Amino acid sequence: MRAWGLIRLYTILVYVFMFAPIAVVLMLAFNNSQFGGFPIEGFSLRWFYKLAENEAIVRAFKTSLSLGLLTALVATTIGILASLALVRYEFRGKDLITTMLISPVLVPETVLAVGLLIFLRWLHMPRSFLLLLLGHSIIALPFVVLVVQARLVGIKKEYEEAARSLGASPFQTFLTITLPLLLPAVFAGALFAFTISFDNITATIFWRPTGMETVPTQIFGMLRNSVSPEINALGFVMIVITVGVPLLAGALARYFARKKT
Amino acid sequence: MKKIDSTKRYEILRERMGNGDVDRRTFMGLLGAAGITTGVSGGIMVGMAQQARAAGTTLNFEGWGGVVSEALRKNAFDPYEAATGNTVVDSTFGGENEVLTKIKAAGNTDGHNILHSSGVSWYQRWVDAGYGSELNEANIPNLANVMEAIIAPFRAITPNSLSAVPYDYGTTGIAYNTKYVTKEEAEALGANLLLKKELKGKIGGWGDAANRAWYGALQSGQDPNNIEDWDAVWDKAREHRDLVLKYWSSGAELMDLLAKEEIYVTEAWSGRVAALQEQGHPIAYMDPKNGLAWMESMFVLKGSPMAEAEELLNFMLDPATSIAVAEGQKYPSSLDPNKVPMTDAIKALPAYDPTGKLANLVFRDPVTWNPLEKDYTAAWNRVAKGG
Amino acid sequence: MERRPWILLAPALVTIVMLVVVPMSFILVYSFYENIDLAVDRVAFQFSNWQALFLDNYYRIAIWKTLRLSVIVTVLAAVLGYIPAYFIAMTKFRQRWLLLLLLILPFWISFIIRTLSWIHILGNQGALNGLLQWLGVIDAPLQMMFTEATVIVGFLHVFLPYMILNVYVSLEGIDRNLEPAARTLGATPWQAFLEVTLPLSLPGLAAGCLLVFVLTGGSYVTPLILGGPSDYLFGNLIHDAVVSELNWPMGATLSFTLLVLLGAVVVAYSRLMGLNQLSKAFR
């Protein structure tokens with residue numbers, strides 16, 4: 001159990017590393033100063049007020065959120081189907097197909113973005129939200145494919161074969177056997193897809209229709225005139241929502257459950 | 001492209017098919033795509049579509065975001081929309097290269113009308129690329145308040161008519177931390193302060209090719225608008241590179257580096273130093289002899305609805321708007337201080353010229369610089385990476 | 001030939017072909033064009049861009065630097081990421097989802113802001129120097145920023161979640177009775193891990209390594225923000241060519257080179273994963 005203690009300590013240290021820059025950003029959300037980091041010059045909520053007033057950021061946030069969720073849906077769906085084919089079937093040209101599916105991360109985004117614009121011009125199609133959604137989906141696809149593949153390899157074919165021999169259709173087998181076993185990978189893949197879409201800047205700049213802003217494009221433009229601490233406040237709000245709300249709900253549920261008994 | 005809703009898109013498609021532009025299968029495909037676009041993006045686009053429907057004409061403005069767009073929205077766009085019923089869609093860009101790349105890839109200027117454009121060289125580039133428009137100055141009465149001296153360089157490029165109105169100006173001078181560098185020393189050394197060996201590892205620089213070349217010219221004792229010895233320029237750039245901790249590429253980075261004392265001296269944009277000074281950082285600013293001045297304009301791209309764009313420019317040049325923007329971004333307004341009273345905040349900005357003549361500022365001459373841009377950009381990119 | 005795998009692949013392949021393969025073919029065509037001036041290209045079929053690529057040392061150095069840095073980041077990410085993944089997969093802690101969620105929280109804050117915030121930590125006036133000075137370990141702040149090390153730190157911070165999630169996903173699928181079973185057969189905990197768990201988690205580790213490698217190899221923003229003048233990757237040359245020099249033909253040539261180099265890594269991975277499955281069948 002000594003070893004387990006070390007593992008836990010190590011894990012905590014890695015999480016500290018992951019959170020150090022985040023902690024800085026979150027603390028600066030309360031810094032009164034327009035700018036400049038430490039030492040913090042005074043506690044203030046002014047950036048939160050400004051954030052609430054800033055319609056542009058709030059609107060960009062909504063766009064980013066919808067885009068991220070739809071991207072997660074599309075990328076995870078097509079990614080799972082493709083991974084099933086790659087892991088469960090033997091066919092020629094697998095290397096090539098794998099490379100193709102992973103290719104969106106191999107091509108610099110600027111180039112991918114410009115290439116797609118030239119293609120659209122050829123088709124006489126304007127930039128649209130759909131384009132942005134499909135574009136984000138292919139950028140996220142490699143991540144989904146890799147994570148789902150890695151998991152599928154670990155799921156024994158025998159389980160599926162047993163279900164089939166008991167008379168289940170391939171679709172039933174997938175739903176009742178493969179999918180539940182695959183869930184952690186599906187969850188991880190969807191997380192990847194969402195975050196990649198939410199954080200994407202380079203390709204988004206080129207693909208978005210005029211006037212549409214996502215959170216990163218909104219921030220990007222601010223870099224010329226120093227970054228406003230409102231961004232830190234926005235990060236704080238989002239983190240509190242993602243972690244805080246489910247935790248609070250869980251705690252409340254437990255509290256009421258205990259009260260009953 | 002004007003913001004069009006699906007009905008309109010359908011009509012355009014039908015019309016094109018009638019003209020034989022599109023065959024039936026492409027038509028059905030595009031129709032399907034249009035349908036999916038509407039279906040999927042419906043919820044999100046509702047707001048924007050409403051905007052589009054309500055409007056007579058839509059103008060797309062692209063600028064630097066942040067304080068600039070807030071000031072413009074409040075003082076120019078909203079009043080303009082109320083007065084005309086037109087819509088201004090403002091968005092943020094990361095620079096004009098990005099817009100040019102988009103326009104070039106798309107093959108047309110659809111969706112782009114007015115840009116907050118930097119420098120006379122970009123003006124020339126847009127015009128040379130065939131994207132210049134012809135403004136009817138009679139529709140922009142506020143142009144009369146703009147300094148003659150700041151309009152002149154633009155007129156030199158397009159003598160018959162303007163494609164843009166000058167909007168603000170600033171300088172790229174030298175910022176130094178007064179704790180480590182005295183005023184006397186800075187002024188004695190001028191541009192060579194950036195080459196002071198004792199400050200190795202505490203020197204910064206703007207990683208922009210044209211800027212590096214300009215300062216290389218100053219440091220090698222040449223007239224930056226008439227460089228004869230480019231090797232000497234790059235030798236100075238190399239000398240500087242070996243002392244540099246960091247080349248910055250955005251105002252945010254510049255301010256961060258100076259405020260946190262990662263670097264003590266660097267080239268800097270006047271407005272960013274003003275912002276630092278306002279927060280009490282011990283950063284001083286000087287324009288060395290022949291330091292670089294630049295101006296920014298509101299550029300109207302070819303193919304835009306001209307009368308509407310001209311009216312919008314007039315709103316943007318309104319003294320109240322122009323002053324609000326100037327205070328926000330900390331670059332002086334292009335309006336003539338002899339005709340429009342400036343606020344104290346603006347008078348205190350570095351680079352501000354109370355005479356309205358700009359006689360002390362040296363601007364980049366696009367005639368000598370633009371033809372060389374391809375070469376010096378490539379040359380600098382190599383020098384920057386150790387070449 | 002069986003049809004089913006192709007049906008499953010169809011949606012992904014169609015999207016990829018439409019949005020990547022076809023556009024990239026346009027880009028390939030561009031690599032034979034000639035750039036005359038900024039943003040002005042001449043339609044042509046000539047090889048000067050490719051010639052420059054092969055003959056010029058400038059590009060070779062960049063490729064070497066990129067491969068070197070990608071390997072360093074990948075190895076460090078594997079070492080740093082495996083153990084937390086193991087912990088998340090094996091812990092009895094009820095709120096495991098929280099640990100996973102925490103991993104992606106950094107993404108809520110824009111990548112550029114996160115990257116810039118390392119200056120708040122490692123800079124002269126950053127938290128770390130402040131702490132060390134307060135403790136009396138050092139008198140004057142250490143100069144840590146804008147070196148290759150900070151670039152690596154920046155990369156690790158961004159890519160570690162990819163590694164951890166991939167490893168976790170394959171560890172999570174391992175039968176938890178396997179390690180105790182190996183122990184009853186006389187294996188030490190370390191042996192049990194090496195012989196049982198590690199091999200079974202290799203697909204996840206391989207996927208994580210592949211991702212980190214290609215993502216690092218294709219980056220350019222991190223060295224731009226966190227590195228000094230000599231820290232750059234092949235991606236920076238592409239960015240220079242496309243964005244600052246507006247020289248698409250050269251940018252296209254460089255992009256293709258990067259695509260081929262990284263593509264070769266993917267093919268190697270694909271082979272390896274195939275072998276892995278084969279060896280499993282024999283076990």
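Analyst: In this predicted model, helix α6 of chain A, residues 129-154, packs on helix α8 of chain A, residues 170-199, at an angle of about 160°. Their axes are 8 Å apart. Angles over 145 degrees count as roughly antiparallel, and α6(A) and α8(A) are therefore roughly antiparallel to each other. The handedness of the crossing between α6(A) and α8(A) is right-handed. On the α6(A) side, the residues that take part are His136(A), Ile139(A), Ala140(A), Phe143(A), Val144(A), Val147(A), Val148(A), Arg151(A) and Leu152(A). They meet Leu182(A), Pro184(A), Ala185(A), Ala188(A), Gly189(A), Phe192(A), Ala193(A), Ile196(A) and Ser197(A) of α8(A). By class, the contact of α6(A) with α8(A) comprises 14 nonpolar residues, three polar and one charged.

Helix α5 of chain B (residues 119-128) and helix α6 of chain B (residues 148-157) pack at an angle of about 25°, and their axes are 10 Å apart. That angle makes α5(B) roughly parallel to α6(B). The crossing in which α5(B) passes α6(B) is right-handed. Val120(B), Tyr123(B), Gln124(B) and Val127(B) form the α5(B) side of the contact, while Pro153(B), Phe154(B) and Ile157(B) form the α6(B) side. Six nonpolar residues and one polar residue make up the contact of α5(B) with α6(B), with no charged residues.

Also in chain B, helix α13 (residues 319-329) has as its buried residues Thr321(B), Ser322(B), Ile323(B), Ala324(B), Val325(B), Ala326(B) and Gln329(B). These buried residues of α13(B) pack against several elements of chain B, namely α3 (66-84), β4 (164-177), α11 (270-278), α12 (306-316) and α14 (344-347). Lys330(B) follows α13(B) and has a positive phi, near 65°.

Chain C contains 13 helices and two strands. Strand β1 of chain C, residues 34-37, pairs with strand β2 of chain C, residues 40-42, in the antiparallel sense over three bridges. Within this pairing, Arg42(C) of β2(C) stands opposite Glu34(C). The strands β1(C) and β2(C) form a hairpin with two residues between them, and Ala39(C) in the turn has a positive phi of about 65°.

As a whole, chain C has 283 residues, of which 49% are buried. Its C-alpha trace spans about 70 × 70 × 35 Å along the principal axes. Of the contacts in chain C between residues at least 6 apart in sequence, 69% join residues at least 24 apart.

Chain C touches both other chains discussed here. Its contact with chain A takes 79 residues from chain C and 79 residues from chain A. Helix α1 of chain C (residues 4-30) gives the most to the side of chain C that touches chain A, with 16 residues. That side of chain C divides into 55 nonpolar, 19 polar and five charged residues. Towards chain B, 22 residues of chain C are in contact with 26 residues of chain B. Here helix α12 of chain C, residues 234-244, gives the most to the side of chain C that touches chain B, with three residues. The side of chain C that touches chain B has twelve nonpolar, seven polar and three charged residues.

Note on methods:
Residues numbered from 1 in each chain as written. Chains lettered and ligands numbered in written order. Predicted model: local features only at pLDDT ≥ 70, side-chain atom pairs only at ≥ 80, totals over all residues. Axes fitted to C-alpha atoms, helices over the stretch in contact; angles between N-to-C directions. Helix = DSSP H or I, 4+ residues; strand = E, 2+ residues; numbered from the N terminus. Parallel < 35°, antiparallel > 145°, perpendicular 65-115°, else oblique. Left-handed = near helix turned anticlockwise from the far one by under 90°. Contact = placed C-beta atoms within 7 Å. Nonpolar A, V, L, I, M, F, W, Y, C, P; charged D, E, K, R; others polar. Pairing = 2+ DSSP bridges. Buried ≥ 20, exposed ≤ 12 C-beta atoms within 10 Å, placed from the backbone.
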